[in-house]
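Subject: Structure for you to look at, with notes

Dear colleague,

I am passing on a structure that I would like you to read through slowly, with the viewer open beside this message. Please look at the structure itself before you turn to the notes.

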Amino acid sequence: MICFPAPLYPHGLPKLEPELLPLLDRHHQALAALIADHDNFLPYDQWMQAALYAPQMGYYTGGSTKFHYAGDFTTAPELSPLFGQCLAKQVAQILQHCPEPKVFEFGAGSGALAASVLTTLDQMGHATTPYIILELSPSLRARQQERLASWGQRVQWVNELPTAFSGAVLANEVLDAMPVHLVQRSADLSILELGVSVNHEAAATAPSPFRLTARLAKGELARIAEERLPRIAGYRSEINLQAESWIRAMGDWLQVGGALLIDYGFAQHEYYHAQRTTGTLMCHFRHFAHDESLILPGLQDITAHVDFTAIADAALAAQLEVGGYTSQAHFLMNCGLTQDLEAIHHALDLNNNSHLQRWSQQVHAVQTLLSEAEMGELFKVLALGKDLPTPLLGFMMRDRRDFL
């Protein structure tokens, strides 16, 4: 057993409660053993996989609160049900063109998105459409089951991908949480793969007992990185081969319908911009965002922005259509967000304090969803599918497929 000192965290992060230190130490020990099994070089994608998804130890497979004010971050569905209400309108358009349609959501979080989509679909005449959820986190699945209990057997949970599917697929902030490879240009511009090693020389004040190390990249990873990374010494970024593989697999099981992928990211020419020299890795811990991905394993979220060009290319290779690509702000406005907000305004008595408070909350949420300085521009929506209806509602105006 390795003796790890109590960590001192950078960036002014909240200190970990003393009762959680033994849990963190167990995570450190398990990861150190995994690294030892890989000759003291664990490729970064495998580190991220273990930190997020290791059974009973990973961030998503443990029992910590993750969403909204009591957790580590807030997603769009938690901000306002209007987000899911807009998304449901696009879902309904897709369902109308599918035989025996269903909705399939990946990583349903707190269940907030499912609740608002189901409510809106009920109102739009799709009250019997099955809603299927694939959730890797046992604690989140339990929260979803409690929140969605009123829909009874219509909502089902599964543990694996379908073999054949007709309908609408939803993935809100799913791709960013898939483990990524970390690559870097060396001084001579060759491609290095970064991994994690135990830092046996770490000082007692070091924030982590682990460190990044490098080796020469090989095979497909080296080839792809050579194509995408600028030829700048020291340039570091991520490649999400798992997400691209997931999209290619979708081409096998999605028979008719469409997938709506909502996430933060860029087209490839922006993702690998010459000025973005340190990549996009970001961690979230109690609403603090930072880039120290080797601290607090299992207790903080680790994400990377999405290369939407790579996702679209993987879709085309899998014989999927790219039905639309736009910012979250334009997608929501195309789906009637401002009209939905106006309907709330007309339904409320603003002389009533509780109604006024509700109105203020909704206005603030919509500003966050639409603002270029908040979620409106950073988040994108990509539609993929087979036999998609055209034009898709959410991409009627400001479709950016030409920018991919």
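This is a predicted model: local features need pLDDT of at least 70, side-chain atom pairs count only at pLDDT 80 or more; totals for chains, interfaces and linings use all residues.

Residues are numbered from 1 along each chain as its sequence is written, and side-chain values use heavy atoms, with hydrogens and water left out.

Spaces in the protein

On a 1 Å grid over the protein atoms alone, a pocket is an open set of points with protein on both sides within 12 Å along at least five of seven lines, a cavity is a set where a 1.4 Å probe fits but cannot get out, and lining residues have an atom within 4 Å of a point. Grid points are joined across faces, edges and corners, and a volume is the space filled by probe spheres set on the points.

The largest pocket holds about 1000 Å³ of space, and among its 50 lining residues Tyr60, Asn172, Glu173, Val174 and Asp176 lie nearest its centre. Its lining has 27 nonpolar, 15 polar and 8 charged residues, where Ala, Val, Leu, Ile, Met, Phe, Trp, Tyr, Cys and Pro count as nonpolar, Asp, Glu, Lys and Arg as charged, and the others, Gly among them, as polar.

There is 1 cavity of 30 Å³ or more in the structure, and the volume of the largest cavity is about 110 Å³. It is lined by 17 residues, with Asn240, Tyr271, His305, Val306 and Asp307 closest to its centre. At least two lining residues come from each of strand 9 (236-239), helix 8 (241-253), strand 14 (306-307) and helix 10 (308-317), where helices (H or I, at least four residues) and strands (E, at least two) are DSSP runs numbered from the N terminus.

Helix packing

Helix 8 and helix 10 also pack on each other: their axes come within 8 Å and cross at roughly 30 degrees, the axes being lines fitted to C-alpha atoms, for helices over the stretch in contact, with angles that run from 0 to 180 degrees between N-to-C directions. The two helices are therefore roughly parallel, since angles under 35 degrees count as roughly parallel, over 145 as roughly antiparallel, 65 to 115 as roughly perpendicular and the rest as oblique. In their contact (heavy atoms within 4.5 Å), Ala243, Glu244, Ile247 and Arg248 of helix 8 meet Ala310, Ile311, Ala314 and Ala315 of helix 10.

The axes of helix 4 (residues 81-95) and helix 5 (residues 112-123) come within 8 Å and cross at roughly 55 degrees, so this pair is oblique. Their contact has 10 nonpolar, 4 polar and no charged residues.

Helix 12 (residues 337-347) and helix 13 (residues 353-370) have axes 11 Å apart and an angle of about 170 degrees, and they are therefore roughly antiparallel.

Backbone details

Threonine 390 and proline 391 are joined by a cis peptide bond, with omega about -10 degrees, and proline 391 lies in the segment after strand 16 (379-386). Aspartate 39, a residue other than glycine, has a positive phi near 55 degrees, and its place is in the loop between helix 1 (21-37) and strand 1 (42-43).

With best wishes
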